[in-house]
Each structure stands twice: as structure tokens, then as C-alpha cells.
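Please have the sequence and coordinates open while reading.

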Amino acid sequence: MTTHNMSIPQPTKHHHHHLSLLLILFLLCFNATATQQFREAPKFYNSLSCPSIPATADQSSDEAVHVAMTLDAAYLRGSMAAILSVLQHSSCPENIIFHFVSSSSSSSNLLSTTISNSFPYLKLRVYAFDYSAVSGLISTSIRAALDCPLNYARNYLANILPPSVRRVVYLDSDLVLVDDVAKLAATPLGDRVVLAAPEYCNANFTSYFTPTFWSNPSLSMTFAGRDACYFNTGVMVIDLQRWRAGDYTTKIVDWMELQKRMRIYELGSLPPFLLVFAGNIAPVDHKWNQHGLGGDNFRGLCRDLHPGPVSLLHWSGKGKPWDRLDANRPCPLDALWAPYDLLKTQFALES
Ligand SMILES: *[C@@H]1O[C@H](CO)[C@@H](O)[C@H](O)[C@H]1NC(C)=O
């Protein structure tokens with residue numbers, strides 16, 4: 001059983017006991033899962049037209065595509081599938097450098113060994129995320145899994161990754177690509193924009209913030225003159241140089257601190273990104289985040305694709321394809337995730 005299936009009593013809205021929150025975070029986010037065994041992925045080769053990049057991952061090269069993901073035991077199977085999908089659909093797979101942010105140095109050793117066993121040729125670096133920096137800033141949301149400290153690591157990529165990395169594609173662990181990540185990484189950001197992501201201007205933007213937020217003019221004024229639209233933070237192209245120069249981490253943390261004092265939103269790590277960036281991002285084609293395949297935050301019902309082409313399938317929401325496949329109750333689209341699953345089956349283990 002994976003930890004995020006556990007039913008955990010939610011603290012009541014108005015009584016945020018810090019200790020009980022920490023206990024919940026511990027149970028939910030750091031509980032070790034049974035050791036999973038993964039197959040070795042095939043080696044993927046650059047096509048002849050690919051530029052050559054320096055051999056070590058810490059050397060920066062603007063020809064390299066830098067991909068950042070988080071790494072934890074509960075979502076490891078998803079991460080492995082995501083990595084495989086990125087490599088398989090890339091024309092220059094040897095030019096991709098993965099940056100994994102893990103919840104602690106002990107788990108990062110184990111997890112990076114697991115990754116390296118399945119992807120012996122992968123260019124990767126693993127960073128331990130100091131979750132004490134963020135645990136005091138987390139307030140409970142509508143879905144407990146959204147409260148895991150690692151979920152907030154995307155706020156800190158500019159600080160965690162070496163300064164030589166100038167641009168990064170951030171990817172969640174519950175997705176697979178079916179197109180070349182280099183195309184996503186090459187999204188034009190213009191002269192000033194820090195972040196690119198698919199925008200959803202039909203989504204009801206009001207609903208991402210509480211009436212407390214909207215009824216306070218000094219807060220709601222944040223969006224004045226901005227054409228703010230919802231975007232999903234599971235797939236982002238980030239200019240880390242501009243992020244560092246503008247100290248956007250502090251801007252996000254400031255909103256998280258305000259959220260601790262007055263509840264201005266109900267979701268986890270997403271709303272601060274909307275507060276800081278919505279209306280000022282570069283657009284990305286919707287095909288790069290066919291999101292919501294995990295259903296809603298409460299029940300995880302099956303969802304269909306949005307109309308149009310598909311470059312990336314994202315099982316955001318409560319239902320994860322590996323859980324539903326294991327339970328023998330897959331949604332139709334979970335069949336598109338299954339080919340990237342590297343977990344050794346019972347049959348393979350026994351044979
Ligand atoms: C948008 O959401 C807000 C708050 O949840 C709600 O009051 C409003 O009716 C919604 N608007 C539309 C057009 O659905």
C-alpha cells in the first residue's frame with residue numbers, strides 16, 4: 001500500500017496545531033514504502049544531428065536540456081515512467097540532464113541508486129531538499145498529498161540548482177511525455193518573462209482564492225491590470241537567471257506566510273505561483289499539459305483528454321494510473337501510462 005492512499009483525519013480549518021500537522025506530514029510524506037524493483041531501461045542514443053555537450057552534468061551548456069523533477073518513495077514509480085517517456089521521445093536524449101530534488105539526503109542516496117540502476121546512462125544530479133525550510137510555511141489544503149513539503153520544492157529550484165543552469169523544464173512525477181522535451185524547453189520567453197506554461201483562461205480564476213482574499217482590496221488588487229489566467233504548475237519552463245535576479249522565491253514565500261495568518265486559498269503549492277506569475281507568463285500550447293487525468297481532488301474519477309493534440313499526459317488529481325492499474329480498476333487512458341511502467345511485475349520477479 002502506498003502512503004497517499006491512507007485516510008488521514010483532516011485537522012479542522014480553524015485549529016492548525018503545528019505538531020499534528022507535522023505528524024500528518026510525516027505519516028503521509030516520509031513513510032517508507034516497500035522496496036520496489038524496477039527493470040533497466042534501454043539506452044537511448046542521440047541522432048546524428050544533435051550537438052555534443054560536455055560530459056558532466058554540472059557543466060552548463062545551453063545545448064543541454066535541463067529537466068527538474070522531485071523524487072520520493074511514494075511517487076518513484078511515476079518518476080521512472082516520466083523519465084523513460086522523456087528519453088524515448090527525445091531526438092537528443094544524451095543531451096538531457098536531469099536534476100532530481102529529494103526529500104532528504106538518506107533517501108536521495110537510495111533513490112538515486114534506484115534511478116541509476118534503471119537508467120545507467122542518465123546524466124543526473126540529486127539534491128536534498130531541506131524541508132525544514134518549508135514545513136513551517138505549509139498550511140493544510142483540501143488534499144493531504146498536496147501538503148507534502150517536496151510539493152513545494154518547485155518554489156526553490158532557482159536556489160537548489162547550480163547557477164550555471166539557466167533554464168529548466170519542471171515536470172511533475174505523474175505524467176508522461178509523448179513528444180520531444182527539447183521543443184518544450186525551447187519555448188520563447190521574450191525579453192522579461194520568467195515562466196512559461198499552458199494557460200487556461202476559461203477556468204474560473206476566482207475559485208482559486210477565498211472570499212477573504214477577494215474581499216480585501218489590498219490583496220485582490222494584486223491582480224489589477226493583469227490578465228490573470230489559471231495555469232497548472234506541474235509543467236513549467238523557468239528562466240532561472242531571471243528568477244534569481246528577481247528573487248521570486250521570496251515573493252512566493254511572502255504569500256505563503258500570509259496564508260499562514262489568513263486563509264487566502266485552499267490548494268497547496270499552486271496559488272502562490274498564480275499570485276506571483278498569473279497574467280505575466282509566456283504561453284505554451286495546451287498539448288504540453290493534458291492535465292486532470294487523475295480526476296478531481298476528492299474521488300479521482302476517470303477523465304477524458306481535452307480536445308486537440310497531445311504532447312504530454314498528466315494524471316493530476318487524486319487518481320494515479322499505477323494505483324488504479326494495481327487495483328485492477330484502471331481508467332481507459334491509464335493504458336497510455338502502462339507502457340512506461342518500469343516496475344518489475346510479480347511474474348518477472350519469479351521467473
Ligand atoms: C466562479 O467561482 C466563484 C467562487 O467559487 C463563484 O462565486 C462564481 O459564481 C463562479 N463563476 C462562474 C462564472 O462560474
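## Overall make-up

How many helices and strands does the secondary structure of the protein come to? The count is 13 helices and 11 strands, where helices (H or I, at least four residues) and strands (E, at least two) are DSSP runs numbered from the N terminus. The model is predicted, so local features need pLDDT of at least 70 and side-chain atom pairs count only at pLDDT 80 or more, while totals for chains, interfaces and linings use all residues. Residues are numbered from 1 along each chain as its sequence is written, and side-chain values use heavy atoms, with hydrogens and water left out.

Of the 351 residues in the protein, 56% are buried; buried means under 20% relative accessible area, exposed over 50%, and partly exposed in between (1.4 Å probe, protein chains only). The protein exposes about 16000 Å², and carbon and sulfur atoms supply 54% of that area (Shrake-Rupley method, 1.4 Å probe; for residues, only the protein chains shown count as cover). Among contacts (heavy atoms within 4.5 Å) between residues at least 6 apart in sequence, 77% join residues at least 24 apart.

## Helix H3

Helix H3 covers residues 105-118, and its 14 residues should span 20 Å at 1.5 Å a residue, the expected span being 1.5 Å times one less than the number of residues. The end C-alpha atoms are 20 Å apart, which agrees.

The buried residues of H3 are Ser-108, Leu-111, Ser-112, Thr-114, Ile-115 and Ser-118. They cover an arc of only 155° around the axis, so they are on the same side of H3; the arc is that of the directions from the helix axis to the C-beta atoms. An α-helix has 3.6 residues a turn, so residues three or four places apart point the same way. Ser-106, Asn-109, Leu-110 and Asn-117, on the other side of H3, are exposed. The cover over the buried residues of H3 includes strands E1 (65-71), E2 (96-102) and E3 (123-128), and helix H2 (76-88).

## Ligand site

Asn-204, Thr-206 and Ser-207 surround the ligand, each with a heavy atom within 4 Å of it. A polar side-chain atom of Asn-204 lies 2.3 Å from an oxygen atom of the ligand. Taken alone, the ligand exposes 360 Å², of which the protein buries 26%.

## Positive phi in loops

Asp-247 is not a glycine, yet has a positive phi of about 45°. Its place is the loop between helix H9 (240-246) and helix H10 (248-261), and at 39% relative accessibility Asp-247 counts as partly exposed.

Asn-328, also not a glycine, has a positive phi of about 60°. Asn-328 is in the loop between helix H12 (321-326) and helix H13 (346-350) and is exposed, with a relative accessible area of 68%.

Note on methods. A polar contact is a pair of N or O atoms within 3.5 Å; within protein, one must be able to donate a hydrogen and the other to accept it, and residues adjacent in sequence count only if both atoms are side-chain atoms.
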